[in-house]
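Me: Here is a structure I would like to go through term by term. Please set each value against its cut-off.

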Amino acid sequence: MKFLLLVVALAAAAFGFDQFVTYNFTCVAGFNVSSVTCSVKGTGDTDARTSAFCHSPTNSVVDHSYTEYGCGPCPANNANCTACTAWAADAATNDCNTYQAPLVSSSCLVAGVSTACIPSSTIVCFGLAAAYAGNNASLTDGGCGTCVAAKAAATDATWDAATD
């Protein structure tokens, strides 16, 4: 009996190695942050690779509070998160969760009234320069966006987007 237990113990020690395969990949970790190394284990190469995910915020949500980038699938029940596979079509897709600037809501003064702008990744308002002597409403009213964009939209405007 002792001999049998010894044989079983030796067999367990000899075959007790880790039978999982580790797959290493990278994911984006956030704004101005280099990639981070991630890893998953699986029962084989295919199993490990199909378990490799990165996640990031859903960029179509304006003013969302979820801002996490990183390794692994999205947290459970989080509609503001998007996951991507780090292995697809027999090739690594490292950093599949590319950083995207979040969409934020903003407002600018238009003819002295606070006006909501189209959500974007930057907040930009335009207005006339102190030296402007004209009275073109497309400039004097001010608005959302850049002077160049406002000038392009106001085809009848006579002001100079670079100086006025």
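**Terms and values**

Me: What is the place of His55?

Reply: His55 sits in strand β3, residues 53-57. Strands are DSSP runs of E with at least two residues, and helices are runs of H or I with at least four, numbered from the N terminus. The model is a predicted one: local features need pLDDT of at least 70, side-chain atom pairs count only at pLDDT 80 or more, and totals for chains, interfaces and linings use all residues. Residues are numbered from 1 along each chain as its sequence is written, and side-chain values use heavy atoms, with hydrogens and water left out.

Me: Why is His55 called buried?

Reply: Buried means under 20% relative accessible area, exposed means over 50%, and partly exposed is in between (1.4 Å probe, protein chains only). His55 has a relative accessible area of 3%, so it is buried.

Me: What lies 3.2 Å from a polar atom of the His55 side chain?

Reply: The backbone oxygen of Cys71 does. A polar contact is a pair of N or O atoms within 3.5 Å; within protein, one must be able to donate a hydrogen and the other to accept it, and residues adjacent in sequence count only if both atoms are side-chain atoms. His55 also touches, among others, Tyr66, Glu68, Tyr69 and Asn97, not counting residues up to four places away in sequence. Contact here means heavy atoms within 4.5 Å.

Me: What makes β4 and β5 the edges of their sheet?

Reply: The open sheet has three strands in the order β4-β3-β5, with antiparallel pairing. β4 (70-71) and β5 (81-85) each have a single partner strand, so one side of each is left without a neighbour in the sheet. Two strands pair if DSSP finds at least two bridges between them; β3 and β5 have five.

Me: Which residues make up the largest nonpolar core?

Reply: The core has 10 residues: Tyr23, Phe25, Cys27, Cys38, Val40, Ala48, Ala52, Cys54, Cys84 and Ala86. A nonpolar core is a set of buried Ala, Val, Leu, Ile, Met, Phe, Trp, Tyr and Cys residues joined through side-chain atoms within 4.5 Å. Val40, in strand β2, has a relative accessible area of 17% and is therefore buried. Cys84, at 18%, is buried as well.

Me: How do you know that Cys84 and Cys96 form a disulfide?

Reply: A disulfide is a pair of cysteine sulfur atoms within 2.5 Å. The sulfur atoms of Cys84 and Cys96 are 2.1 Å apart, and they form a disulfide. Cys84 lies in strand β5 and Cys96 in the loop between β7 (91-92) and β8, so the pair ties together parts that are 12 residues apart in sequence. Cys96, with a relative accessible area of 25%, is partly exposed. By this rule the count comes to six disulfides.

Me: Why is the disulfide of Cys117 and Cys144 called left-handed?

Reply: The torsion about its S-S bond is about -80 degrees, so the Cys117 and Cys144 disulfide is left-handed. Their sulfur atoms are 1.8 Å apart. Cys117 counts as buried at 12% relative accessibility, whereas Cys144 is partly exposed at 32%. The link of Cys84 and Cys96, with 80 degrees about the S-S bond, is right-handed.
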